[in-house]
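Trainee: I have just opened this one and could use a guide. Can we walk through it together?
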Amino acid sequence: MSEALQAQGWVESSDENFVWVRTQRETACGGCQGQSTCGTGSLSKLFSLGHQPLLKLPNSLAARPGDRVILELNGTSLIKQAVLAYGFPLIGLFIGALMVSFMFSEVQDWQIALGSLIGLVSAWLWVRLNHRPEQPKIVEVIRSQL
């Protein structure tokens with residue numbers, strides 16, 4: 001998946017160097033006809049309530065508040081970020097469990113669970129402190145009529 005992923009956003013505010021863009025979160029099952037009776041569709045609606053966070057992006061195309069913008073993110077970058085966010089803590093969980101089982105000769109289940117938890121939290125903290133995710137870029141500005 002090396003192709004670019006695109007999404008639309010709306011410029012909420014701007015200054016000389018940056019714009020704050022609000023995007024609409026899309027669910028995987030939003031196009032199905034049975035989404036009103038589907039449990040997955042109901043859950044996705046429940047968790048999509050509330051405000052979407054604003055993205056602070058460089059204003060390379062002189063976008064203004066009210067403009068609609070097309071955002072682009074490299075697909076490979078998205079996969080790398082997903083592996084770091086979800087896969088690395090999972091690997092930490094298993095490494096923590098294995099370390100406890102190899103370090104002690106008689107291990108109880110709670111000790112393995114504690115080692116797993118420590119591995120999971122340690123890996124999650126490492127990712128949280130050291131990883132800076134790649135931000136999408138504004139590739140097109142559609143001017144508002146205002």
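Mentor: Gladly, and keep in mind that this is a predicted model.

Trainee: At roughly what angle do the axes of helix 2 and helix 3 cross?
Mentor: The two axes cross at roughly 145 degrees and come within 7 Å, with helix 2 covering residues 75-103 and helix 3 covering residues 109-130.

Trainee: And which residues make the contact?
Mentor: From helix 2 they include L84, F88, L93 and V100, while helix 3 contributes, among them, I112, L120, W124 and W126. By class, the contact has 13 nonpolar and 6 polar residues, and no charged ones.

Trainee: Switching to the sheet, in what order do the strands run?
Mentor: The sheet is open, and its 5 strands follow the order 3-2-1-4-5 with antiparallel pairing. Strand 3 (54-58) and strand 5 (137-142) each have a single partner strand, so they stand at the edges and one side of each is left without a neighbour in the sheet. From one strand to the next, the twist averages 40 degrees.

Trainee: How many bridges link strand 2 and strand 3?
Mentor: Strand 2, residues 18-23, pairs with strand 3 in the antiparallel sense over 5 bridges, and within strand 3 it is L57 that stands opposite V19.

Trainee: Which strands does helix 2 touch?
Mentor: Helix 2 packs on the sheet by touching strand 1 (4-14) and strand 4 (68-74), and the direction of helix 2 makes about 70 degrees with that of strand 4.

Note on methods: Residues are numbered from 1 along each chain as its sequence is written. This is a predicted model: local features need pLDDT of at least 70, side-chain atom pairs count only at pLDDT 80 or more; totals for chains, interfaces and linings use all residues. Side-chain values use heavy atoms; hydrogens and water are left out. Two strands pair if DSSP finds at least two bridges between them. Helices (H or I, at least four residues) and strands (E, at least two) are DSSP runs, numbered from the N terminus. Axes are lines fitted to C-alpha atoms, for helices over the stretch in contact, and angles run from 0 to 180 degrees between N-to-C directions. Contact means heavy atoms within 4.5 Å. Ala, Val, Leu, Ile, Met, Phe, Trp, Tyr, Cys and Pro count as nonpolar, Asp, Glu, Lys and Arg as charged, and the others, Gly among them, as polar.
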